[in-house]
Amino acid sequence: MFLNSILVVITDLAAGLLGNTSFRRHFHLLLSSLLLFGPLLSLWVSHYSIFAKRTHFLYRVFLRSGWGWTCIFVGSFVFVLSFSVRRSLTLSLRHLSRLAVAGGLWLGFRKLLYLLENATGSCYEPLSSTLELASGTNGDQPLLLLREGETKEACVRSGMLWRGYEVSEDALLLCLCCLLLAEETAVFGPYLSLGGPSGAPLRILFLFCVLLLSLWVFLLLCLLAYFPQFPTQLLGGALGCLSWRALYQGWYRLGPSWYCPGRPGVGLLSTQSKQEETSETLCESNAKEIN
């Protein structure tokens, strides 16, 4: 009972924050500020910190599988929430299709960025120090031998240098996941206000989504502070924000149809409010009949 009370208090506070109109309108501005000014933190952070190593547990387990973690927790929350309201598998699948659209967009971006890097970049092999001395160089600017026909993966695997136009996939993924989490969980506050059923499993899933959102923001801040790569991270974050705006602020506003899954909460919150209005109307009519 005590743990359940704590769970209710924490989830109510988180739902109130994520469902707040000001938070939803300005959260993307917060991420944009992090992308712009986050690299300045590299001037103050310690490069001997545990977060300054790419082999850290959080990077290996969560960042490399970021989209998978997001799909697991957000998909579970969306399914349980939608199914608990309407008991309609079709409606639940329609809401889950937003994750499929975002997943397809993420895979498409990865493929395009891979093609862009291989089309604009080149592989270079550093010459040995003996050749540098024989050519009279001082060693400050090592000579590079161009290797044509190499892909980035093969180049890096061979221990050579790859130089080309890059966009940070990590920044793109983290920004997209943060904005997606904020949008999909924002409906929980209005849902609770309308008196929707909110058992412990649904609240626990919502709490996991909130924790995952906090983790993604923290990892984005760590990447910007410990591994600053300007402007590649800025471009990746911009693509993530533009993807969110195109989907949630553009396409999904058209309303649910055969070609559009609709915005989060459509068909759930409206149904709940209509039921309340209907019950209030029935109560008033019954009161008049009694009088």
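## Pockets and their linings

A pocket is here an open set of grid points with protein on both sides within 12 Å along at least five of seven lines, and its lining residues are those with an atom within 4 Å of a point. In this predicted model, the second largest pocket is lined by Thr21, Arg24, Arg25, His28, Glu183, Trp244, Arg245, Gln249, Arg253 and Arg263. Helices H2 and H11 are the elements that give two or more residues to the lining of this second largest pocket, and H2 gives the most, with four residues. The volume of the second largest pocket is about 180 Å³, and by class its lining divides into six charged residues, three polar and one nonpolar.

The largest pocket holds about 790 Å³ of space, and among the 24 residues that line it, Arg110, Glu117, Lys152, Glu169 and Asp170 are the closest to its centre. At least two lining residues of the largest pocket come from each of helix H3 (57-63), H4, H5, helix H7 (152-157), H8 and helix H11 (232-248), with H5 giving the most, five residues. The lining of the largest pocket has 10 charged residues, together with eight nonpolar and six polar ones.

## Enclosed cavities

Two cavities of 30 Å³ or more are counted in the model. The largest cavity has about 70 Å³ of space, and its lining is made up of Leu18, Phe23, Arg24, Phe27, His28, Leu179, Ala182, Glu183 and Trp244. Helix H2 (21-37) and helix H8 (169-185) are the elements that give two or more residues to this lining, and the largest share, four residues, comes from H2. In terms of class, six residues of the lining of the largest cavity are nonpolar, one is polar and two are charged.

The lining of the second largest cavity comprises six nonpolar, two polar and two charged residues.

Glu183 lies in helix H8, and it counts as buried because its relative accessibility is 4%, whereas the cut-off for a buried residue is under 20%. Leaving aside residues up to four places away in sequence, Glu183 touches Arg24, Trp244, Tyr248, Gln249, Arg263 and Pro264.

## Leu13, an exposed residue

Leu13 is found in helix H1, which covers residues 2-18. With a relative accessible area of 62%, Leu13 is classed as exposed, since the exposed class begins over 50%. In sequence Leu13 is 176 residues from Gly189, while in space the two residues are 8.9 Å apart, taken from C-alpha to C-alpha.

## The chain and its recorded transmembrane regions

The secondary structure of the chain consists of 12 helices and three strands, and buried residues make up 40% of its 291 residues. Among contacts with a separation of 6 or more, 78% are between residues 24 or more positions apart. The accessible surface of the chain comes to about 16,200 Å², of which carbon and sulfur atoms account for 64%.

An unreviewed UniProt entry lists residues 27-46, 66-85, 171-192 and 204-227 under "transmembrane region". In the model, residues 171-192 are 91% helix and 0% strand, and the end C-alpha atoms of this span lie 33 Å apart. Residues 204-227 are 96% helix and 0% strand, with 33 Å between the end C-alpha atoms.

Note on methods
Residues are numbered from 1 along each chain as its sequence is written. This is a predicted model: local features need pLDDT of at least 70, side-chain atom pairs count only at pLDDT 80 or more; totals for chains, interfaces and linings use all residues. Side-chain values use heavy atoms; hydrogens and water are left out. On a 1 Å grid over the protein atoms alone, a cavity is a set of points where a 1.4 Å probe fits but cannot get out, and a pocket is an open set with protein on both sides within 12 Å along at least five of seven lines; lining residues have an atom within 4 Å of a point. Grid points are joined across faces, edges and corners, and a volume is the space filled by probe spheres set on the points. Ala, Val, Leu, Ile, Met, Phe, Trp, Tyr, Cys and Pro count as nonpolar, Asp, Glu, Lys and Arg as charged, and the others, Gly among them, as polar. Buried means under 20% relative accessible area, exposed over 50%, partly exposed in between (1.4 Å probe, protein chains only). UniProt positions are given in the numbering used here, feature names are shortened, and annotations may be inferred rather than shown by experiment. Contact means heavy atoms within 4.5 Å. Accessible areas come from the Shrake-Rupley method with a 1.4 Å probe; for residues, only the protein chains shown count as cover.
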